[in-house]
Structures are given as structure tokens and as C-alpha cells.
Amino acid sequence: MNNNRKKKRVLLYGFTLLCIVASMLFIQNNFNLYDQPIAEVVTVTLKEKKSIDDATNKDELFYQTLVGKIKNGTQKDQLISLENTYSSSGAFDQHYQVGDELFVSIQSSDNVQLAGTVDGPKRDKYVLAAAWLFILTVLLVGKKNGLFSLISLTINILVLYLALNSYINSERASLLLISSGLAVFFTVTSLLLVNGKNEKTLVAVLATLIGTFSALLIAYIAMWLTAEQGLRYEEMAFITRSPQKVFLASILIGSLGAVMDIAITITSSLYELHDKNNAISLKNLKVSGNEIGKDIMGTMTNVLFFAYVSGGIPMILLYLKNGSTWGYTLSMNLSLELTRALVGSIGIVLTIPISIHTALYFIHKRSTIK
């Protein structure tokens, strides 16, 4: 039995290693799959260096001349001359080196060498490496559950893509209604794949959905009562759809993950306590659930806060660097993020008692039937 298990494990590791090597080799030689020309940098020359100063900022500009070798298309293996300008800050530009692979636009050609411009780097091999690192980490830590988590994540990403694509292509579609359906689908599929079809999963699904939609309802009522004062929708100015509905949809999807985590943690803990000791009273189970909820409530609230606020740090620094006041800077960049974090935190707090009472109801019902 142990030998068969070892053989299966060796085969699994070997197959995974083969997939990694094959995918990396493929991505290193997939130039012909792209319609746009790709050039590999073979020489780099620094032409000029210039300092830029204004009232509040200092930077340096560098001017490069690159020579690249075309890797695909009808002009494959020809050399192309490219110009690149990059800055020390690197906000909208990049420093290129020998060996970098770049998407280019060919502008002119002669009998000696092509000339063109750089559109951006080819990053697919780095994305693949990061993806494999993530997959291996999940599989090593989570084993079978990690595999089901990856399957769930893949399904959810595909469904989200299809849902957003249908919303973009339909003027009459309601993003909030689509997001509500997605929330139900994500919750059910994620918990079913990870925990299986059982009573504990049902409890976690119910607690997640009740907690998430309760938080959304509270957010909607608060926005209605305050006439949305203090919310700055400038970042949504170009979407040509109702920013309020888009914002509510983002709140719903954004808080779902944290609420789901709280629900399954508390539900699994209570069922584990009951399965280990069937004689434990519902009162003691409730006390244990409350203690568990207190321990994880603060950490999950902080996770939401840092996750939302971290995205606004670059813009905050940019505003402050250019002389904006703290009040104006925070209102312009963090009003929506802080609101999302607040609503998600409300969902977390609500989900704790909802999970406890839902689990206790089903445990009591199961004990009564027995």
C-alpha cells in the first residue's frame, strides 16, 4: 500500500515537473503565435543623460539606442534600430537590457536595417513563472484541497470573464444583478469543491450569502440616507455606466471572499468541536464560536483595510508630492476604498453570529433527529 502511494507520488511529481519544463520551453519559443513583431535586444547604447527639475520634483532622463533581432513574421532574423527614453522614477517607461524581448512597431526599412519604436516588453515567461510558483505553493500546502481550490479559482475566473463580457456587450444588463448571481455561484462552487457536499458546506454557504447581502443592503441604505456625500467617483468617470451601481457591485464581490473565509472557519470549527465531543452543549458551542469569532474578526478586518488602501498608496504619494493637502488627497483617493473596507468589515462582523446560529440550528436539528 505504501509502495503504491510512493509510486503515485513520484509519478505526480514527475508529471508536474514535465509540465513545468514543457510550458517554459513553449513560452520561450512562442514568437510565431503573436501577430505583432517581437525583437530580442542584442546591443544597447546610452546616448544621453539629462536632469529634470521643477518646483517639487527631480528626475533624470536617459536616452538609449537599441538594436534588436526580429523573432517572428516575414522580417524574421532582420535587425531593427530602436530608440528608448526612460527615467529614474520609471513611472511610464522602462530600462531595457541585452536579452530583453520587446514588442515593436516597424516604421521604415532600408537595405541595411529596419527602424521602429518600442511598444512594450514581452512578459509572458515571467507571468508563467509566477503562476507556477503560485500553483506549486498551493499544492504543497493544500494537497488535495489545494488542487480543488485551484480548480475553483479557474472556474470562477472564467465565469467572471464571461459575465463581465456579457455586461459590456449589453446596454440593458444590470451589473448589480449579474454580480449578485456571481456571488451565489462563487460561494456555492468554491465551498462545494473545497469542502464537499455535506451539511457543513450548506451552513457555510447560507452564512456567507446572508452576511454578504446584509452588508450590501446596509451600504445601500447608508448611501441613500447620506445622498452619497463624501464618495468621489472620479476614477469611474470614463466607464459610461452608473458609477453607483458599479461601486455597489464592486462592494459585493470585494467583500465576498472575506465573508466566505469567516463563515467556513467558524462553521468548520463548531462542527469539529461537536464531532469530537457529542456531549458538548449548544451553549458551550456558542461560547466557543464567539471566542473564535473574536480572534479572527480583527485580523480579517485589517486584511480588508490593507488590501484596499494599499492600491491607493502610489496616487497618495503623487498628490502629496505635488502639494495637495492631506484632506483633499485622502478624499480623492481613498473614499471608495475605505468605504469598501468598511462595508466588508460590517459583513465580517455580521457573518460571525450568522454562522454561529446557523451552525447551531443544524447541529441541534441533527441531534434531535438522532
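Helices α1 (2-28) and α2 (124-168) each supply at least two residues to the lining of the largest pocket. Helices here are DSSP runs (H or I, at least four residues), numbered from the N terminus. α2 gives the most to this lining, with 9 residues.

Before going on, a word on the model. This structure is predicted, with local features needing pLDDT of at least 70 and side-chain atom pairs counting only at pLDDT 80 or more, while totals for chains, interfaces and linings use all residues. Residues are numbered from 1 along each chain as its sequence is written, and side-chain values use heavy atoms, leaving out hydrogens and water.

**The pocket**

How much space lies in the largest pocket? It holds about 600 Å³. A pocket is found on a 1 Å grid over the protein atoms alone, as an open set of points where a 1.4 Å probe fits, with protein on both sides within 12 Å along at least five of seven lines; lining residues have an atom within 4 Å of a point. The volume is the space filled by probe spheres set on the points. Of the 16 lining residues, Leu 12, Tyr 13, Thr 16, Leu 139 and Lys 143 are the closest to the pocket's centre.

Now look at α4 (residues 199-225) and α5 (residues 243-276), whose axes come within 8 Å and cross at roughly 145°. Axes are lines fitted to C-alpha atoms over the stretch in contact, and angles run from 0 to 180 degrees between N-to-C directions.

**The core**

Which residues touch the most other members of the largest nonpolar core? They are Tyr 233 and Phe 247, in a core of 29 residues. α5 contributes the largest share of this core, 9 residues. Such a core is a set of buried Ala, Val, Leu, Ile, Met, Phe, Trp, Tyr and Cys residues joined through side-chain atoms within 4.5 Å. Buried means under 20% relative accessible area, exposed over 50%, and partly exposed in between (1.4 Å probe, protein chains only).

**A partly exposed residue**

Leu 338 sits in helix α8. Leu 338 counts as partly exposed because its relative accessibility is 39%.
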